[in-house]
Amino acid sequence: MVKVAKLINNVRTTELDALSDAMEREFTLACGDGSTAVGRDAVLKTQFAQLADLSARNTTAIRQDAVVSTLDEADSVRDSVTRDLFTLAGGYTASPFAEVRAAAVGVCAVLEKYGRGMTAKNYADQTALTESLLEDLGAEKTAAQIKSLSGVAELVAQLREAQDAFAAAHDGYIKAKAGKGESASSLKKPLVALINDSIVPYLNIVAAMDGYADFVAAVAGNIKTTNDTVARRTAAAKKEA
């Protein structure tokens, strides 16, 4: 008889999400048309209805958390391009060629109106400053000076792309924030508790009963796969420490 092990507590929310989805699929398959032992089991129906609810809420929370991560990544890209632009333009002020040096001084004068510190501003302020900077860099005189500085025009174009990408990520963040309720971390404890304290003990009780063996073995396999993943990750982290 298969014994179902409990889920390791330090499972990640994404790993937990994948496990709960897999368990739901196994339950649906085992229920069939409702005439199977699993399909007629009122306890399992209640437990897996709770699992489906928590799992769906966890999936939504993970997606919303991912939107926030995407916004941070977009801001990091924008910061990197901005710093590269300041560095490259500044480097040309030391050029031995008078024409290049003069063009660089002109472009740097525009950049210095905003300063490198703009990357440390909050999202709203940095977005406004970046838009204003791009407008100034696009002015006829400054645009002509930029043409004399190899690579600067490309960085300006990259900054435009990074700004647009951040704006798109920010729009997604606002939508996610408007509908955000629970966090994935807050749902982890009740989801793990449902699996370990309710579903697993019950499955170990019915495992020897007719009509349950395949379903119990499938869920046990799902949990073991997840536990193995957590164990490997934990071992790797300890090795690197």
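**Helix packing and nonpolar cores in a predicted model**

N9 touches K188, V192 and N196, leaving aside residues up to four places away in sequence, where contact means heavy atoms within 4.5 Å. The structure is a predicted model, in which local features need pLDDT of at least 70 and side-chain atom pairs count only at pLDDT 80 or more, while totals for chains, interfaces and linings use all residues. Residues are numbered from 1 along each chain as its sequence is written, and side-chain values use heavy atoms, with hydrogens and water left out.

N9 is found in the segment before α1. Helices are DSSP runs of H or I with at least four residues, numbered from the N terminus. With a relative accessibility of 56%, N9 counts as exposed; the classes are buried (under 20% relative accessible area), exposed (over 50%) and partly exposed (in between), with a 1.4 Å probe and protein chains only. N9 and D228 are 219 residues apart along the chain, and their C-alpha atoms are separated by 13 Å.

The largest nonpolar core has 35 residues, and L44, I195 and L203 are those with the most contacts inside it. A nonpolar core is a set of buried Ala, Val, Leu, Ile, Met, Phe, Trp, Tyr and Cys residues joined through side-chain atoms within 4.5 Å. L203 touches V4, L44, F215, V216 and V219, not counting residues up to four places away in sequence. Another core, of 22 residues, lies apart from the largest one and has A89, C108, L111 and L137 among its members.

Helix α4 covers residues 98–112, and A102 is placed in it. The end C-alpha atoms of α4 are 20 Å apart, which agrees with the 21 Å that its 15 residues should span at 1.5 Å a residue; the expected span is 1.5 Å times one less than the number of residues. Buried residues in α4 are V100, A103, A104, G106, V107, C108, V110 and L111. They pack against α3, α5 and α6 (140–147). C108 has a relative accessibility of 9% and therefore counts as buried. A102, by contrast, is partly exposed at 48% relative accessibility. The C-alpha atoms of A102 and I223 are separated by 67 Å, with the two residues 121 apart along the chain.

Helix α5 (residues 123–137) has 15 residues, and the distance from its first C-alpha to its last is 21 Å, close to the expected 21 Å. Q126, T130, L133, L134 and L137 are buried in α5. Viewed down the helix axis, these buried residues fall within an arc of 95 degrees, so they line one face of α5; the arc is that of the directions from the helix axis to the C-beta atoms. On the other side of α5, A124 and E135 are exposed. The N-terminal end of α5 is capped by N122, with a side-chain oxygen 3.2 Å from the backbone nitrogen of A124.

Q163 is placed in helix α7 (residues 152–179). At 2% relative accessibility, Q163 is buried. The Q163 side chain reaches the backbone oxygen of T127 at 2.9 Å. A polar contact is a pair of N or O atoms within 3.5 Å; within protein, one must be able to donate a hydrogen and the other to accept it, and residues adjacent in sequence count only if both atoms are side-chain atoms. Q163 touches R78, T127, T130, E131 and L134, again not counting residues up to four places away in sequence.

T229 lies in helix α9 and is partly exposed, with a relative accessible area of 30%. T229 and P201 are 28 residues apart along the chain, and 22 Å separates their C-alpha atoms. The structure holds zero disulfides, a disulfide being a pair of cysteine sulfur atoms within 2.5 Å. C31 is buried, with a relative accessible area of 13%.

Notes: Helices (H or I, at least four residues) and strands (E, at least two) are DSSP runs, numbered from the N terminus.
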